[in-house]
Amino acid sequence: MKINPETYSELACPTYILNETKLRRNLEIISRVSRLADVEIILAFKAYALWRTFPIFREYIGATTASSLNEARLGFEEFGAPTHTFSPAYEDSEIEEIARCSSHIVFNSMSQYERFREQVRQANRDISIGLRLNPEYSEVATLLYNPCAPGTRFGIASDKLPKKLPDDVKGFHIHCHCESGSDVFARTLKHFEARFSPWLEQVEWMNFGGGHLMTRKDYDIQNLIDILTGFRQRYPHLKIIMEPGSAFAWQTGELVSQIVDIVEHDGIKTAILNVSFTCHMPDCLEMPYQPEVRRAKIVDDTNARSPRVYRLGGNSCLSGDWMGYWQFDHDLQVGENIIFEDMLHYTTVKTNMFNGIPHPDIALLHADGELETLRRFTYEDYRSRMD
Ligand SMILES: Cc1ncc(COP(=O)(O)O)c(C=O)c1O
């Protein structure tokens, strides 16, 4: 069906809409960085795993990164290439299958490495083994997203790393960014090299993790290319890998919902929607952050009772399943669309079916304006999760 991407007025049910043109724009930026800086940039499934769209990704990138057996299988079977895999802790029951689906496997601790090194090599003779390091430096202010906070469970600190690495350790992995700019990467690299440069001579590849938001409008791409080029000059033997997730799906689409009811209490109006923050936009509550809504302006709670100001409420039983406040340019009506901007990365992988609430459709908006529904969820999807 042809659709108006400004209003989506043709839609009658909640839908995540991936815009192919915007996705290709991101993929072009990413593949340009990859070419100019001579680094491999792979997709982190934790942020985006809509596998029906993988053929588009394959036009630009060659691999993905997984953090579980399911993601490793998705990469191997649906993306069509073995994954770079990292998990905080692998289990006996999964390690061989993970190894068969992976080109690279990263261990979070020396104990996991020692426990599984032989098994992974036996399951896959070509696999390349790496260790996750704790760079002991991160500028991520939100503790929930800071992998270097005191007591962290992620990575091996420099004082725990053997001076001479075992021969089968071929690479390192760090991840300490979150929606970060290239200036943060530059400062991180300084700290990282000061601590770990004696070991860098001993390995063949370096994975700088995710959180590099190179598709954000104000991101200094040339600075990133210069930083990576400088690093390559200092360590010419190292292959460089980056594994952003958000950057691929950044601002590539919306969650379109409809108003089901409008209620008022204590002078505060809430438009109740057929989507839920806790089910379909969980990062809004977890991070927390207030998403942009089309044709509305975010206002603070001193404006809660002003004209055309509303909370938006989810359709779950959780009392806190609401956010506010937005001021609209008109009085809201039951049945009209509420469009949440930039709702593709992390949302589509983190949704749940709490309360049995219907999952929004997932649709792809092609460049010619044609909307293709990739997936519609049914009662069977809810039922089959329960037992
Ligand atoms: C190990 C690792 N790699 C990559 C990513 C992707 O990060 P982002 O989506 O912020 O680019 C994450 C995010 O948590 C991560 O933990």
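Author: What follows is a conversation about the words used for the helices, the strands and the ligand shell of this predicted model.

Reader: What makes helix 3 roughly parallel to helix 4?

Author: Helix 3, residues 69-79, and helix 4, residues 92-101, pack at an angle of about 25 degrees, and their axes are 9 Å apart. Angles under 35 degrees count as roughly parallel, and therefore helix 3 is called roughly parallel to helix 4. The crossing of helix 3 over helix 4 is left-handed.

Reader: Which residues make the contact between helix 3 and helix 4?

Author: Helix 3 contributes Leu-69, Ala-72, Arg-73, Gly-75 and Phe-76, while helix 4 contributes Glu-94, Glu-97, Ile-98 and Cys-101. Sorted by class, this contact of helix 3 with helix 4 has five nonpolar, one polar and three charged residues.

Reader: Which residues of helix 4 and helix 5 meet?

Author: On the side of helix 4 they are Ile-95, Glu-96, Ala-99 and Arg-100, and on the side of helix 5 they are Phe-116, Gln-119, Val-120 and Ala-123. By class, the contact of helix 4 with helix 5 divides into five nonpolar, one polar and two charged residues.

Reader: Turning to the strands, why do strand 2 and strand 3 stand at the edges of their sheet?

Author: The open sheet consists of nine strands with parallel pairing, in the order 2-10-9-8-7-6-5-4-3. Strand 2 (40-41) and strand 3 (43-44) each have a single partner strand, so one side of each is left without a neighbour in the sheet.

Reader: How do you know that strand 3 and strand 4 pair?

Author: Pairing requires at least two bridges between the strands, and two bridges join strand 3 to strand 4, residues 64-66, with the strands running parallel. Within this pair, Leu-43 stands opposite Thr-64 in strand 4.

Reader: What makes strand 14 and strand 15 a pair, and in which sense do they run?

Author: Strand 14 is joined to strand 15, residues 322-328, by four bridges, and the two run antiparallel. Val-309 stands opposite Gln-327 in strand 15, and the bridge partner of Tyr-310 is Trp-326. Strand 14 also pairs with strand 12, residues 268-273, in the parallel sense over three bridges, where Ile-272 stands opposite Gly-313.

Reader: How many bridges join strand 13 to strand 15?

Author: Three bridges join strand 13, residues 296-298, to strand 15, and these strands run antiparallel. Here Ile-298 stands opposite Trp-326 in strand 15.

Reader: Finally, which residues come nearest to the ligand?

Author: The ligand has 14 residues around it, of which His-175, Gly-210, Pro-244, Gly-245 and Ser-246 come nearest. By class, the shell has six nonpolar, six polar and two charged residues.

Conventions. Residues are numbered from 1 along each chain as its sequence is written. This is a predicted model: local features need pLDDT of at least 70, side-chain atom pairs count only at pLDDT 80 or more; totals for chains, interfaces and linings use all residues. Axes are lines fitted to C-alpha atoms, for helices over the stretch in contact, and angles run from 0 to 180 degrees between N-to-C directions. Angles under 35 degrees count as roughly parallel, over 145 as roughly antiparallel, 65 to 115 as roughly perpendicular and the rest as oblique. A crossing is left-handed if the near helix is turned anticlockwise from the far one by less than a right angle, and right-handed if clockwise. Two residues are in contact if their C-beta atoms, placed from the backbone, lie within 7 Å. Ala, Val, Leu, Ile, Met, Phe, Trp, Tyr, Cys and Pro count as nonpolar, Asp, Glu, Lys and Arg as charged, and the others, Gly among them, as polar. A residue is near a molecule or strand if its C-beta atom, placed from the backbone, lies within 6 Å of it.
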